[in-house]
Each structure stands twice: as structure tokens, then as C-alpha cells.
Amino acid sequence: IDMATKMSIPPAVGRGNMPPGFGSFYPDHTKFLMSHGDGVSAPPTNIMLEYDGNAGTALPNVTVGAAGSEPTMEDWGPDGKSVVYVLPSATASWDGSGRTDDDHIFGGSLFSISYNAGTFGAPVSLLASAGENNYYPSYSPDGQLIIFDRAPLVGSASALTTCAGGFCPNDSFSNPAARVMLMKSAPGSTPVDLEAANGSPAASPLKFSNSWPKWSPFLQNYKGDKLLWIAFSSTRDYGLRVRNHQPGMFQCYPSDSYEDPGSTHGQKFQPNCQQPQLWMAAIDVTVAIAPQIAKDPSRVGFWLPFQDITTHNHTPQWTQSAGPKPDGGACVQVGGNCTQGGTCCTGLVCQANGTCGALPQ
């Protein structure tokens, strides 16, 4: 999308009626990968779709894995040399309609493929599922870590895709038992449960639906250690304002969505609907990349301010810097006030004191 004109690039051209999948830009934005999305148009399965990241035009499809595999939820590494993605062991018709998509996957394993000068390599297993569902992977900005979601296996592996009343306990979509996990980006690395960020011990987990983790784009120093931040959605309570775990409360979905197709667009959520909100937590990178992780590298999560507590808030996104406004307005230089609607110039960030300054190192 051209953000100045709010129009697609190129206008009214794309992949026809193919349902949207998950996507990721190459670091310099010149290329874009997208999963096929499956769905009613049922394209070939073991591919990712590739686009020119500037023109928006389609490039040849990328074959990933064996025929019948369904790679999805890809994330291009910060150095552009690898792509991490999910390979589910199954997809299912979660609502009984026969429709499947890669929003709803089961038994996900994590894989990566290399990329060099336009050529993609063979899949490499990073984390094989033993029945649990691993999904939504994302590289840290230094490429050393992968954060992802995990939903534990409920029941037996033979009943992995069992659903009742539109709810599938092993599904990746809005799973109440989802927890944020961390692992090094090398094959065979041991995943770590981010207990502090998740808000409950791994041995006695609470169903807070911790999901969609996203990294901050910059490293910071803190007491001699390297620090990163993650933001994610969660249904945990926030004081007296957001109470999601009272008797009779349950996860529900926006009106007229695929998960609630019979309702009226814009309809308000019922009072007993849980409201996912955005939370944030620190990750001690120095602890996380140690040869043996001796402790949870995360810190206690906190609710991000300025959210609308009456809405579902799911997918946090970070920006390291912002360019000038589309109308050509001047950006704010170092030391300038960035609290009056101005945008800091490239390479600067709006600091806590309200002025533009250098990005933290």
C-alpha cells in the first residue's frame, strides 16, 4: 500500500480472490513473502508467494518443502539470510463448514530456510512438535533469538483437530492456553517459557491467551546486560478496569468476522466477553544467549497505556523511526519538541522528555 495515497500498489491488481495469508518483508523491503492462506481457492500447498516489495508485482512462487506441506507464519531474518516459518501437522475445519485456513493450524513445528542472492535453501528443522502447537515465530533484531507462541497439546495426538462448538483446544487461533516462548535461532536449541512475561509459572499456567509477540527493533544496555522489549496480547486482568476472568466470561470475536459471521458489523462486545489487551515485558538478551540459560530471561509484563479497553487489541507493531509526513512537512531535528504532532527525523526517536534524540545503543 502506498501510505501517501492509501492505495494498493499497483491499483486493483493482486492474486485474485486468494485469501490473505501471513507475510514478511525482506530487511530492505525490496521483497515480500506471503503464505498462500489456503482457504476456498485452495492453491498449491508447499509454496510461499513472493512479491516485489516496491512495485507490488508478483514474482515466481517459492517452493518450500515437500508436496502437501503448508508453510506459513514466516518471518524474514534481520540480515536477510534466513526465513523462519511454521509447518503445521494439520489444518482443520474449525467451524464445521469445511473451510480451512492458516489462521487455524495444529501441531506446528518451527523450520527455517536460507536465502542468498535470490535463492532459497532447503528447510531446516528448528523445533519439532511433539503434539504441542508452536506458532507466530519472530527473529530478534540481532537474529540470535526467536520468540514464538506455544499451546500445549490437549488430549491425544490422534484427536489433534477435534473441535466442538467452534472451539478447538489445540488451535493456534486465540488459544486461551497460549504462552510466549523463547529459543536461540540455532537448530536443536531448547525453548524457554517466559514465565515472568506470561504472568504465571509454567508448572501451574493460567489461561491468559498470551499471543502475537513482537520485538522492539533496537537493543539497549541495562546494568551491563543487553536488553530487548517484547509486546504481546493477553487476556489477563488489568486492575479494576479490565476484568477478563470473572465467572462466565469467555473468548469471543468481533462481529461479522469469520468466527462470528451472523452478527452485525460494529456490534458491541457482550459484557461477558474477554478483552485482549497489549502488554509489554523486557527480555535480558545477555541471559537468553548464554550457553546455558539458567533462569527466565523475561521480566514481569505491564499493560501498555493509552489503549481502548473496550476493544480487542491483538497485534502490536514497533517502529524504530518515522519519516516525514506524506505532505512533505519538515521532520523534527535533535532537541526539537515531538509532542505537538511533529515527527522526528530518520534515525531519531521521540524521547521521554518530549524531544527528539538519538536511538538508544
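## Reading a predicted model, one feature at a time

Author: Let's start at one spot: P297 sits in the loop between α2 (285-288) and β22 (302-303). Keep in mind that this is a predicted model.

Reader: Okay. Is P297 buried or exposed?

Author: The idea is to look at relative accessible area, where under 20% means buried. P297 has a value of 1%, so it counts as buried.

Reader: And which residues is P297 in contact with, leaving aside its neighbours within four places in sequence?

Author: L182, V192, L194, A282, I283, D284, V287 and A288.

Reader: What about the chain as a whole? How many helices and strands are there?

Author: The chain has 2 helices and 24 strands. Of its 361 residues, 43% count as buried. As for the surface, the chain exposes about 17,600 Å², with carbon and sulfur atoms supplying 57% of that.

Reader: How do I read a nonpolar core?

Author: In soluble globular proteins, nonpolar side chains tend to be buried together. Here, the largest nonpolar core has 17 residues, and M73, L110, Y135, I146, F148 and M183 touch the most other members. At least two residues of this core come from each of β6 (82-87), β11 (124-127), β12 (133-139), β13 (145-151) and β14 (179-184). Apart from that core lies another one, of 16 residues, including A197, I230, W279 and A288.

Reader: Let me zoom in on L110. Which residues does L110 touch, not counting those up to four places away in sequence?

Author: L110 touches Y85, V86, V124, S125, L126, L127, N134, P137, F148 and M183.

Reader: Next, backbone angles. What should I look for in phi?

Author: Most residues other than glycine have a negative phi. Now look at S209, which is not a glycine, yet has a positive phi of about 50°. S209 is in the loop between α1 (195-198) and β16. At 6% relative accessible area, S209 is buried.

Reader: Where is K223, and what is its phi?

Author: K223 lies in the loop between β17 (220-222) and β18, and its phi is near 50°, a positive value in a residue other than glycine. K223 has 74% relative accessibility, so it counts as exposed.

Reader: Last one: pockets. What is the volume of the second largest pocket, and how many residues line it?

Author: For a pocket, ask about volume, then lining. The second largest pocket has a volume of about 330 Å³. Its lining has 22 residues, and F173, S174, W212, Y253 and H314 lie nearest the centre. By type, the lining divides into 8 nonpolar, 12 polar and 2 charged residues. Both β16 (211-215) and β18 (225-234) supply at least two lining residues each.

Methods. Residues are numbered from 1 along each chain as its sequence is written. This is a predicted model: local features need pLDDT of at least 70, side-chain atom pairs count only at pLDDT 80 or more; totals for chains, interfaces and linings use all residues. Side-chain values use heavy atoms; hydrogens and water are left out. On a 1 Å grid over the protein atoms alone, a cavity is a set of points where a 1.4 Å probe fits but cannot get out, and a pocket is an open set with protein on both sides within 12 Å along at least five of seven lines; lining residues have an atom within 4 Å of a point. Grid points are joined across faces, edges and corners, and a volume is the space filled by probe spheres set on the points. Helices (H or I, at least four residues) and strands (E, at least two) are DSSP runs, numbered from the N terminus. Ala, Val, Leu, Ile, Met, Phe, Trp, Tyr, Cys and Pro count as nonpolar, Asp, Glu, Lys and Arg as charged, and the others, Gly among them, as polar. A nonpolar core is a set of buried Ala, Val, Leu, Ile, Met, Phe, Trp, Tyr and Cys residues joined through side-chain atoms within 4.5 Å. Buried means under 20% relative accessible area, exposed over 50%, partly exposed in between (1.4 Å probe, protein chains only). Contact means heavy atoms within 4.5 Å. Accessible areas come from the Shrake-Rupley method with a 1.4 Å probe; for residues, only the protein chains shown count as cover.
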